Amino acid sequence: MARVHIIGAGLAGLSAGVELARKGYETIIYEQANQAGGRARSFNDAHLDRLIDNGNHLMLSGNYSITNMLETINASARLIGPEKACFDFADLETGDEWTINFNRGPVPLWVLYESTRVPGTSMMDYIAGLKLLTAGNRTVKNLFGEQGQMYRRFWEPFSVAVLNTAPDIAVARLMLPVLRETLAKGSEFSKPLVAKKGLSHTFIDPALKWLSYRKADVRFGQRVSKIQVSNNRVTAIVAGKKTETLGPDDKVVLAAPPWVTPTLVEGIIAPDEFAPIVNVHFQVEGFDETKTKTPMLGLVGSVSQWLFVRGDIISVTVSAGHGLAEKSSKEIAAITWPEVAKAYGLDPTKIPPARVIKEQRATFIATPDQLAKRAPTKTHLNNLVLAGDWTDTGLPATIEGAIRSGVSAAKAILK
Ligand SMILES: Cc1cc2nc3c(=O)[nH]c(=O)nc-3n(C[C@H](O)[C@H](O)[C@H](O)COP(=O)(O)OP(=O)(O)OC[C@H]3O[C@@H](n4cnc5c(N)ncnc54)[C@H](O)[C@@H]3O)c2cc1C
């Protein structure tokens, strides 16, 4: 029977596995690490004595590939968010606080009234957002940088969160598909969503369980070091000490990161410049999540960009954090804690136990040069397709993009 070999058990590989197993395919998944999840994973942190994620991951209710996958693996209830499409912000420089509250339907009524707009912005600022439609290769800063508070309080935080790229080099148009599928469709599609207990609990554990019921063969600690090719076909996969010979109808989904894929298959080009994301998890004794008005808070005028609360852990996210990632963990905690303390009314001098995680290659950077290196699903090899957040999904490198890439890879195989 024909089998599909999937290399990489990140969300792209798992999503391809789920789609293919759904159609009755026998799958073998090779994962170099001893756990699945790749860049979206949870682990028990001994220092904090808590289960934490490698990084806070924010998703939106309009991310239909995510919701479809969770529905399939019976894990929809593990992704949570507020009833309303609300985003709380605080400007630590000026002390201003505001909430963006998206209304139902595609007409953004909230921009009509000064009381519901981002403070310091005018209706014209929102109309100027239409410039995105004809932005070409212009950067976020080039397009919106003159817009004062609209830039500082909306475009800059939004673009850095979505593109993980500094606004002076980030291609603005890559935000367009995200806006189209979420914020531009109204509140039903704009609710912020986070993993209930952790990324592994929400995505990875239920996906592996679901796959195990369908007899998927998931092989951990199996780094693929070579893909053998003959007559434009993959004929064998060398993983760990074993060489797996492919049958004549076997297929391969290569769902490895962009820095690995070109090393395994000659002739494939992938993005090769990356930006770090820094996360700091503070364990705040006695902090009560249920008493917090804002379990997710966007910050402006600070190094910290987003704060997330889960139980007594307050986590800071800094995307495109090149300068910060170069500092020591101690320095990073010392820089970000006073900002957290200011936002939540805590003592800035008492830095609680902290875990700093620097993901140096969190995503590729969204510049024209790097976007041109995104590869299509199909390759020059007849039985090998690609998946991964870096492939040409049309979306930024996100969970939604990774899962969608897995679905596209599975569809290409089913064809
Ligand atoms: C800190 C951080 C914060 C983020 N925040 C957000 C967010 O808020 N919202 C959002 O949507 N996205 C966010 N992202 C992006 C998101 O995590 C990624 O887009 C997504 O996880 C990528 O999945 P992937 O399967 O494409 O790649 P990966 O997760 O990199 O998976 C690739 C897998 O292949 C395995 N592998 C590599 N080489 C081999 C080999 N030779 N043999 C076998 N296996 C191999 C790896 O171990 C890995 O498991 C964030 C990323 C990071 C790092």
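Ring pairs join Phe87, Phe102, Trp110 and Tyr126 into a cluster. This is a predicted model, and in total it holds 11 aromatic pairs.

A pair of aromatic rings is described by the distance of the centres and the angle of the planes. The table sets out both values.

| Aromatic pair | Arrangement | Centre to centre | Angle between planes |
|---|---|---|---|
| Phe89 and Trp98 | stacked | 5.5 Å | 10° |
| Phe154 and Trp155 | edge-to-face | 5.0 Å | 85° |

The charged end of Lys185 sits over the ring of Phe189, at 4.3 Å from the ring centre. For Arg214, the charged end sits over the ring of Trp210, 3.7 Å from its centre.

Now let us turn to the strands. Five of them make an open sheet with parallel pairing, in the order β10-β2-β1-β14-β20. The edges are taken by β10 (217-219) and β20 (384-386); each has a single partner strand, so one side of each is left without a neighbour in the sheet. On average, neighbouring strands of this sheet are turned by 15° against each other, direction ignored.

Within the sheet, β1 (residues 3-7) pairs with β14 (residues 251-254) in the parallel sense over four bridges. Which residue of β14 does His5 stand opposite? That residue is Val252. Helix α1 (residues 11-22) lies across β1, β2 (26-30) and β14, and runs at about 165° to β1.

Definitions and conventions: Residues are numbered from 1 along each chain as its sequence is written. This is a predicted model: local features need pLDDT of at least 70, side-chain atom pairs count only at pLDDT 80 or more; totals for chains, interfaces and linings use all residues. Side-chain values use heavy atoms; hydrogens and water are left out. Rings of Phe, Tyr and Trp (its six-membered ring) pair if their centres lie within 6.5 Å; planes under 30 degrees apart count as stacked, over 60 as edge-to-face and the rest as tilted. A charge sits over a ring if NZ of Lys or CZ of Arg is within 6 Å of the ring centre and within 35 degrees of the ring normal. Two strands pair if DSSP finds at least two bridges between them. Helices (H or I, at least four residues) and strands (E, at least two) are DSSP runs, numbered from the N terminus. Axes are lines fitted to C-alpha atoms, for helices over the stretch in contact, and angles run from 0 to 180 degrees between N-to-C directions. Contact means heavy atoms within 4.5 Å.
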